[in-house]
Amino acid sequence: MPATGDGRARGAADLSDALDGALPRRARIHPVPVGPLTDAPPIPHPRSRAANPSAAGEGDAAAGGTPLKLLVIEDDASDAQLIKAAVADSGTAIEVHWARGLEQATGLLAPPPTGARRGRPRGSEFSCVLLDLAAPSDLPHPSDSSDGLEGLHELLRRAPHTAVVVLTDAAGAELGAAAVAAGAQDFLIKHETDGPLLARALRYAVERKRADESQRRLVEAELRGQENARLQRHLLPTPLLDGAGLSFTRRYRPGRRRALLGGDFYDAVRTDDGTIHVVIGDVCGHGPDEAALGVALRIAWRTLVFAGLTGEALLTTLQHVLEHERRSDEIFATLCMLVIEPGGECGDLDALGACERARLYLAGHPAPLLLGADHQPLTLPSDLAGPALGLLPCDDGEAAWPAHEIELRPGWRLLLYTDGLIEGRVGAGSRRLGQDGLADLVGDHQSAGLTRGRLVDSAIAEVEELNGGALTDDVAVLLLERNPVQLILG
């Protein structure tokens, strides 16, 4: 609720005015004259500067700050006066507000309406509520009328993020324990409570509530993280290459911390005519929006392939998908696509086995490496590469992606990758690894006898070592090898 001009919450009673002339019924705590309270630092929020012990003051009285705001729910004015006297006797800066019943209290505890204009006073943010369990709950429909805690249950329901301390008489100690079990942070016995004990209990309640809230948020964050991990894991593709006779090794490392999915994407499928379609791409950026767009493009690509599209017609349609799904016109995606047709005859009579023809399409993406047992890895030609998807509109005729015809001899191996693998630094300078550096690096590991998953893993590990640490960009690597036996996924 908005604060009044004198600093009190609107609707909350000032005890010195409301209790003028009131006499205590029970002399449990001797009231003392209440003068100006010394300032004390507020209980710091965990993310606030005051949460740092080195920055905080040495004591409540030594450091200035906002006092702890306490809302007392008590129907008896004399008892409320005794509570204020005990607070004053504690020597702790506690700003006391009083509500006669739960209905008035929840009105004060309610957050300001979402439609409130900016600049208006904010509602009172009470640090703690002191609830007398003996006070009538004044609820027309209490949540629980059988255990004596109906007022507490309703208070916890209406103000779930506020610390609560309950007051009981000596005969109600078991009820106080039940209140703590029901969600209160602490309970106090009236006849045994003095000012210092009350102040310590309130401080303890605030800290315990804060710790409970932090633990709750941590658990929620862990659950969300597990759900996100399961979701991202299911969004990673499962290549459909049954009957292709290929060894397919894939590695995927997002640049974002604690993420399983980045803006890079890949997929591989075999259609009914025996043609193998492979794609690898990279959406610019590293956030969750880019990861979602990468998933959308991958799914769209697979759908278009099974619908019979290929080549420039597929890439044109995929660019339309990108243009409709991206959040701004500056977002683009690079892409490399291979279409490998069933085997034919090789021109070399000495060659063993069947050759295969492949069409390579590049849309602003690095060209794959062709690995061979008897030569250094070769970078496939990129002179026919077209622009990245989303850079130029398809309607003006400038966005074209012609195919480069490739002959794949028996035992071929192709390494496809995203630019995160070649943009790592080499040493302390500004030099990048580049495509030539990657070819030399892979050739060295290949000469050492490494194959398939070990070859890819060792290459990525050396790239990171040259970079001086983990790569900041997303990295996707595919190693596709002709294998006469059953498909092997690595």
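Predicted model: local features only at pLDDT ≥ 70, side-chain atom pairs only at ≥ 80, totals over all residues.
**Exercise 1. Work out the handedness of the crossing of α3 and α4, and which residues make the contact.**

Step 1: The helices here are DSSP runs of H or I with at least four residues, strands are E runs of at least two, and both are numbered from the N terminus.

Step 2: List the contact, which means heavy atoms within 4.5 Å. L102, E103, T106 and L109 of α3 meet G151, E154, L155 and R158 of α4.

Step 3: Sort those residues by class: three are nonpolar, two polar and three charged. Ala, Val, Leu, Ile, Met, Phe, Trp, Tyr, Cys and Pro count as nonpolar, Asp, Glu, Lys and Arg as charged, and the others, Gly among them, as polar.

Step 4: Check the geometry. The axes of α3 (residues 102-109) and α4 (residues 150-158) come within 10 Å and cross at roughly 15 degrees. Axes are lines fitted to C-alpha atoms, for helices over the stretch in contact, with angles from 0 to 180 degrees between N-to-C directions. So α3 and α4 are roughly parallel to each other (under 35 degrees; over 145 is roughly antiparallel, 65 to 115 roughly perpendicular, the rest oblique).

Residues are numbered from 1 along each chain as its sequence is written, and side-chain values use heavy atoms, leaving out hydrogens and water.

**Exercise 2. Describe how α7 and α8 pack.**

Step 1: Helix α7 (residues 288-306) and helix α8 (residues 311-325) pack at about 150 degrees, with axes 10 Å apart. Their crossing is right-handed.

Step 2: From α7, L293, L297, A300, W301, L304 and V305 meet L314, T317, L318, V321, L322 and E325 in α8.

Step 3: By class, that contact has ten nonpolar, one polar and one charged residues.

**Exercise 3. Find which residues of the largest nonpolar core touch the most other members.**

Step 1: Such a core is a set of buried Ala, Val, Leu, Ile, Met, Phe, Trp, Tyr and Cys residues joined through side-chain atoms within 4.5 Å. Buried means under 20% relative accessible area, exposed over 50%, partly exposed in between (1.4 Å probe, protein chains only).

Step 2: Among its 30 residues, the answer is V278, L408, W412, L414 and L416.

Step 3: Leaving out residues up to four places away in sequence, L416 touches V278, I280, C336, L338, P368, A476, V477 and L478.

Key
Left-handed = near helix turned anticlockwise from the far one by under 90°.
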